[in-house]
Amino acid sequence: MLDLTDKKYASYLECRFGSGYRSDCAKEIECLADKISSEEMSELKTFDRKTDGIYHLISRDEEEYVSKAELDSLAEYEKLADKMRISPQHKVTMYEYVLLGCDKFDRSNTHALQLIDKMVDNTEKDKTKLQRYGDRIKSYRYCQDAKIYYNLEKKIADKLKGRRVQTSEKKEETLAEFYRLKANIASPMFSADEKLKMLQKQLEIEKDCGFGRAKFYFVQSDIYTKMANIYSCQHDDFRSEECRAKSDDSLYLANNIMRHAKTKSRAGQNTFKNEKRR
């Protein structure tokens, strides 16, 4: 079977499903003539023809007459998407085409939910898409089998929750690594060069530790100060001064954030007092 996950098909797929021009699909297929077998070329042309046909079908107005054969082509294209070896993002687009046809010419809420279910199965890390699916299924909730709707609603919620859990776990791991490095930097067991490498590592991972904005810059200032002290002991005045300047910049940003926070807090308190007087 044709394997469209192979990167040699990337340009063609960009024209067919991405931001490229659909009119260039034929040209991209011609460019593949020397790279794929005659059997693969035949399958690719069949796939392209079917996709083009579905695209033109779903582009038609809802009021236009649609034959049974054309409705059958939507079902066939869905089956093609089911078994096609293609990246999940393009598989989702294929199901999206069928869903558009379903919305226009089939109007089956149950079928629409089944299509979105397949789209959800092929969507892992895109929080925005998953949230959009969650909003979208609400318009199909009155289907023949309510269980399909509630199962899909739960699947989307579980995927979003799983993504948050993964993010939280990664943050905790990074924070643990940050404090492990901090303990080693304070230890006399490591050389100055080793400590510089660990301080540099802290700078790299600090953004993933979940610190608030002010704390982020206070911590960054402290790291640069420690680096400056080590460079000073090594008589590397240029790097020492450079790190001290970065430390001062970070400290300025941290204090500036704290000043704004206090100003907002006072403004909020004054507003509350004025509301009480009224």
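Analyst: A definition to start with: rings of Phe, Tyr and Trp (its six-membered ring) pair if their centres lie within 6.5 Å, with planes under 30 degrees apart counted as stacked, over 60 as edge-to-face and the rest as tilted. Ring pairs link F17, F47, Y55 and Y97 into a cluster. This is a predicted model, in which local features need pLDDT of at least 70, side-chain atom pairs count only at pLDDT 80 or more, and totals for chains, interfaces and linings use all residues. Residues are numbered from 1 along each chain as its sequence is written, and side-chain values use heavy atoms, with hydrogens and water left out.

User: How many aromatic pairs by that rule?
Analyst: The count comes to seven. One of them is F17 with F47, an edge-to-face pair at 6.3 Å centre to centre and 70 degrees between the planes.

User: Which parts does the F17 and F47 pair tie together?
Analyst: F17 lies in the loop between α1 (10–16) and α2 (25–31), and F47 in helix α3 (residues 38–58), so the pair ties together parts that are 30 residues apart in sequence. Helices here are DSSP runs (H or I, at least four residues), as are strands (E, at least two), numbered from the N terminus.

User: Are F17 and F47 buried or exposed?
Analyst: F17 and F47 are both buried. Buried means under 20% relative accessible area, exposed over 50%, and partly exposed in between (1.4 Å probe, protein chains only).

User: And what about F17 and Y97?
Analyst: Their ring centres are 6.0 Å apart and the planes are at 50 degrees, so the pair is tilted. Y97 lies in helix α5 (residues 88–106) and F17 in the loop between α1 and α2, so this pair ties together parts that are 80 residues apart in sequence. F17 and Y97 are both buried.

User: Staying with α5, which helices do its buried residues pack against?
Analyst: They pack against α1, α3, α4 (68–83), α6 (109–121) and α7 (127–136). The buried residues of α5 include H90, V92, Y97, L99, C102 and F105. After α5 comes R107, whose phi is positive, near 60 degrees.

User: At what angle do α5 and α7 pack?
Analyst: About 20 degrees, with the axes 15 Å apart; axes are lines fitted to C-alpha atoms, for helices over the stretch in contact, and angles run from 0 to 180 degrees between N-to-C directions. α5 and α7 are therefore roughly parallel to each other (angles under 35 degrees count as roughly parallel, over 145 as roughly antiparallel, 65 to 115 as roughly perpendicular and the rest as oblique).

User: Which residues make the contact?
Analyst: V92, E96, L99 and D103 of α5, and K129, Y133 and R136 of α7. Contact means heavy atoms within 4.5 Å.

User: Where is E206?
Analyst: E206 lies in the loop between α9 (192–205) and α10 (213–233). At 1% relative accessibility, E206 is buried. Leaving aside neighbours within four places in sequence, E206 is in contact with F178, F211, K215, F216, V219 and Q220.

User: And D222, where does that lie?
Analyst: D222 lies in helix α10 and is partly exposed, with a relative accessible area of 36%. D222 and D248 are 26 residues apart in sequence and 9.6 Å apart in space, C-alpha to C-alpha.
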